[in-house]
Amino acid sequence: MADLGSAGLSPLGEAAGIHAGGVLGPLARAQYGALARLRWRMFQNSLRSTKGALELGARTVSYVIYAVGGLGIGTGAGFAAYGLASGNQWRFLPILFWVLAFLWQVIPIMLASFQEQFDLGILLRFPVRFGSYLLLYLVFGLVDISTILGCLCCVGIWIGMAFARPDLLLWTTLALAVFAAFNILLVRAVFAWIERWLAQRRTREILGALFMVALLSMQLLNPALYQKRHTGRGNHQQDMEQMKEMKARYSPWLKTANAVQRWLPPGLAAQSLQQTVKQQPMAGLGALGVLSLYALLAGGVLAVRLKSEYRGENLGVAPARDKATPGRSRAAASVAGRDLTNPAGGQMLGGSGPIAAIIEKDLRALMRTLPLLYAMGGPLLMVLVFSTIFLKNGGVQGNVFPLALPVCMVYAQLGFTQVFYNSLGTEGAGIQIYFLSPTPFRTVMLAKNLLHACLFGLVAMVAITLTILRLGIPDLAVVAATAAWLLFSLPCNLTAGNLFSLKMPYRVNPGRITRQRGSQANALLSLLVQLCILAVGAAVFVLGWFLDRMWLAAPVFLILAVGAVYVWRRVMDDVNAIAYERRDALIAMMMKEG
Amino acid sequence: METAAIQTYGLTRRFGALTAVEDVTLSVAPGQFFGFLGPNGAGKSTTIKMLTGLLEPTSGTMAILGQPFSAGALDLKRQIGVVPEGMALLGRLTATEYLHFVGRMYGLDRETTNRRTQELLEFMQLANENKKLVTDFSHGMQKKLALAAAVIHGPKVLFLDEPFEGVDAVAAGMLKTMLTGMINRGATIFLTTHVLEIVERLCSHVAIISKGRLVANGSIEELRAGVASTLPGAEQEQRLTMEEIFLAIVGADGQQEQAQELTWLT
């Protein structure tokens, strides 16, 4: 008989003998230990290959960047807290908490393309309790970028408050801890539910429509709120009068908003400290209690979602609801089957060659792939945010930042990072078709580039329209320079993207926005390339602006664009060789499970 | 002399220190239903990957339909159909969309692609599943779809890596009929499977690979006679099944493992 015990395997009887207990019971603890060992072994094994070592290097660099960024923001938050507390400006404290909450919730949207998380779905085949699953979900979420940055900000505020008002240390600690817990739970709940909704075609369409309505509504609000924005530069007295007028007009609104925000989590966190300062600890405790209820509510909303996952729901296979009734006849179903194969009804593009086939296939797959839809759509929201910031900074004086348009375009382009730099990521095992069929790989990449260029053009048009609607029509030279910069940056990104897609691909789970396997090396290096492209763009724009020769920027970008297209063509000529040389690695990566 | 449909000479593939396939030389005649057998990890899938351009051999040469084959031999690829190990499906498409895509990738015109798609879906009994994404298909349905995709362009040589795995008996019978029909019309089929009964019923010739090396090659009758000749006198008269032939050639290690018993299993 095999001596399983000495081979390091526990006989099943012993495993069954571990008392199940609760989320901290013996079985759960054994499972946590096993999972920690698994992660450690996976980490060690990843270092066996050059790619693994590169990944570790990239991960280290990226976490250093996040840490430095977090320390910077945290220090700023600390000084702000110190300033408010020592200056007794407690009424402004909610602003600090609102900014922090906003960053905490928005950073994951901004960085969705660059994050890698462990998918705990693999645990569901084991006897893991729901409580343990939830706990692990939260624990693994703690290494999320937004959590790290948010927590560093909380630490900064805590230190600032501790220096300014050491007597409030306990209250500050409590308020910040509950506030952090609320944000950690909320961001996960929001993402988990968005994933669920976007997984179904019907809800995806409804959310898409709501998104568009929201965008349009903001445009309608825009002229109403800023109708005097384009009246030109006025003198100081006029500005002051305008400010007074605005204050008088918006004062009732602001009062209502202030009253409402006091009952929302950032306001409650601030209120718990404000009330304590006013020697009203019970009111402070009450605010903290309501904040805790919000945290519990966020946790509950998250738990409801995770419970469905725990019961076996798989977002990757959430189907569009079939309208067929159970009693429908086989003949009727057969006729329906023919409908889709009808040439007139089932096809999107006119061409019949491989390029049209790939574009059509990618377009269909894209419409059903959450991470890419999200990555492409999310930045449009950020374009609105940025344009609003520019509007607030310059709108009152009628002097909007002249380079606002290119800045908004930059963020719109960032949404395409995953699309450009991992263009084969959603193929899965289907990538084999490209190597089995008589279509050269160059044609495959050409088709993908064409589609991505068109999609980018479309998103850029929407972003330009949004920006112009928000900020007004900028100087014609800036518009021309921005368009020319896009013509330069697009082939640059496609060139680098083709190389990254072939040399550093990673499989994308089409059903998830978060909890992707990802590749830090791809994410970091692609960001680096984009920063270089941006740096070139920024240098030309800023020079043109300072020298007051903005009209020069467009021709400069066009010359650069010609060079970029030439390099793109050269790389396209090498695509076949690279793809065939790396085909087994590409196929292995795309077929990787888990 | 007739040109072989598939010909390899000294085909070898190494992954670092591991030699997955070593010095495989074989020839498959046109119109042959060829079974390529071996235990798990023997090198079957690696061989098929090399023969279909998914993996570059470390050394050795291959020819398909008499022409040297490599990944860049695009004209030859039009003559080849493959059901690879991972089935090469695109989960976010419906079956119809997927077959349209594959047909056009193989250079079929739109009309032919549409017609064949419809015929294949009906033949594979997938026509009623047109609202489902491929990712929602059962494993057996995915296998049927992968087979449909492999034959949509009417290949002369078909490589099948475990095509019957997870397919129900009714569908398996249907697939066997289809494959036999292809053989009758002159196609060549190169099949790997662990279901030895299917090999016995369909294949005329068999090669067995073990630990990366070809250990047997010939018609089933030749292998049967070869194995029988090693048996004691009385047993030579019995008609050996494919399973007995296979175990006699590669099964020595497995028999030793069978001697152990996991007594804690209920």
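User: Which residues of H14(A) are buried?

Analyst: In helix H14 of chain A, the buried residues are Pro354(A), Ala357(A), Ile358(A), Ile359(A), Glu360(A), Lys361(A), Asp362(A), Arg364(A) and Ala365(A). Keep in mind that this is a predicted model. As a general idea, an α-helix has 3.6 residues a turn, so residues three or four places apart point the same way.

User: What covers the buried residues of H14(A)?

Analyst: The cover includes helix H19 (441-471) of chain A and also helix H3 (95-105) of chain B.

User: How many Å should H14 of chain A span, and why?

Analyst: Helix H14 runs over residues 354-367, and at 1.5 Å a residue its 14 residues should span 20 Å. The C-alpha atoms at its ends are 20 Å apart, so the expectation and the model agree.

User: Let us step back to the whole of chain A. How many helices and strands does chain A have?

Analyst: Chain A has 23 helices and zero strands. Of its 594 residues, 39% count as buried. For contacts in chain A with a separation of 6 or more, 81% come from residues 24 or more positions apart.

User: How many helices and strands does chain B have?

Analyst: Chain B has ten helices and ten strands. Here 48% of the 266 residues count as buried, and 67% of the contacts between residues at least 6 apart in sequence join residues at least 24 apart.

User: What radius of gyration does chain B have, and how does a compact globule compare?

Analyst: The rule for a compact globule of 266 residues gives a radius of gyration near 18 Å; chain B has 20 Å, which agrees. Along the principal axes, the C-alpha atoms of chain B fill a box of roughly 60 × 50 × 40 Å.

User: Now the sheet. In what order do the six strands of the open sheet in chain B lie?

Analyst: The general idea comes first: strands of a sheet pair through backbone hydrogen bonds, either parallel or antiparallel. In chain B, the open sheet has the order E6-E7-E8-E3-E9-E10, with mixed pairing. Its edge strands are E6 (80-83) and E10 of chain B, each of which pairs on one side only. From one strand to the next, the twist averages 15 degrees.

User: In which sense do strand E3 and strand E8 of chain B pair?

Analyst: Strand E3 (residues 33-37) and strand E8 (residues 188-192) of chain B pair in the parallel sense, over three bridges.

User: Is E9(B) mostly covered or mostly open?

Analyst: Covered: six of its six residues are buried. His205(B), Ala207(B) and Ile209(B) point one way from E9(B), while Val206(B), Ile208(B) and Ser210(B) point the other way. E9(B) pairs with E10(B) in the antiparallel sense over six bridges, and Val206(B) has Gly218(B) in E10(B) as its bridge partner.

User: Which helix lies across E3, E6, E7, E8 and E9 of chain B?

Analyst: That is helix H1 (residues 44-52) of chain B, running at about 150 degrees to E7(B).

User: What phi does Lys211(B) take in the hairpin of E9(B) and E10(B)?

Analyst: Most residues other than glycine have a negative phi. Lys211(B) takes a positive phi near 50 degrees, in a hairpin with two residues between the strands. Lys211(B) is partly exposed, because 16 other C-beta atoms lie within 10 Å. In chain A, Gln279(A) also has a positive phi, near 60 degrees. Gln279(A) sits in the loop between helix H10 (265-277) and helix H11 (281-310) of chain A, and counts as exposed because it has 8 C-beta neighbours inside 10 Å.

User: One last feature. Which residues in the largest nonpolar core touch the most other members?

Analyst: In soluble globular proteins, nonpolar side chains tend to be buried together. The largest nonpolar core here has 102 residues, and Tyr98(B), Leu145(B) and Ile189(B) touch the most other members. Helix H5 (residues 139-151) of chain B gives the largest share of this core, seven residues. Leaving out residues up to four places away in sequence, Tyr98(B) touches Leu89(B), Leu90(B), Leu93(B), Val134(B), Leu145(B) and Ala149(B). A second, separate core of 53 residues includes Met409(A), Val410(A), Ala412(A) and Leu486(A).

Conventions
Residues numbered from 1 in each chain as written. Chains lettered and ligands numbered in written order. Predicted model: local features only at pLDDT ≥ 70, side-chain atom pairs only at ≥ 80, totals over all residues. Helix = DSSP H or I, 4+ residues; strand = E, 2+ residues; numbered from the N terminus. Expected span 1.5 Å × (residues − 1). Buried ≥ 20, exposed ≤ 12 C-beta atoms within 10 Å, placed from the backbone. Contact = placed C-beta atoms within 7 Å. Core = buried A, V, L, I, M, F, W, Y, C linked by C-beta atoms within 7 Å. Pairing = 2+ DSSP bridges. Axes fitted to C-alpha atoms, helices over the stretch in contact; angles between N-to-C directions. Rg over C-alpha atoms; globule rule 2.2 N^0.38 Å.
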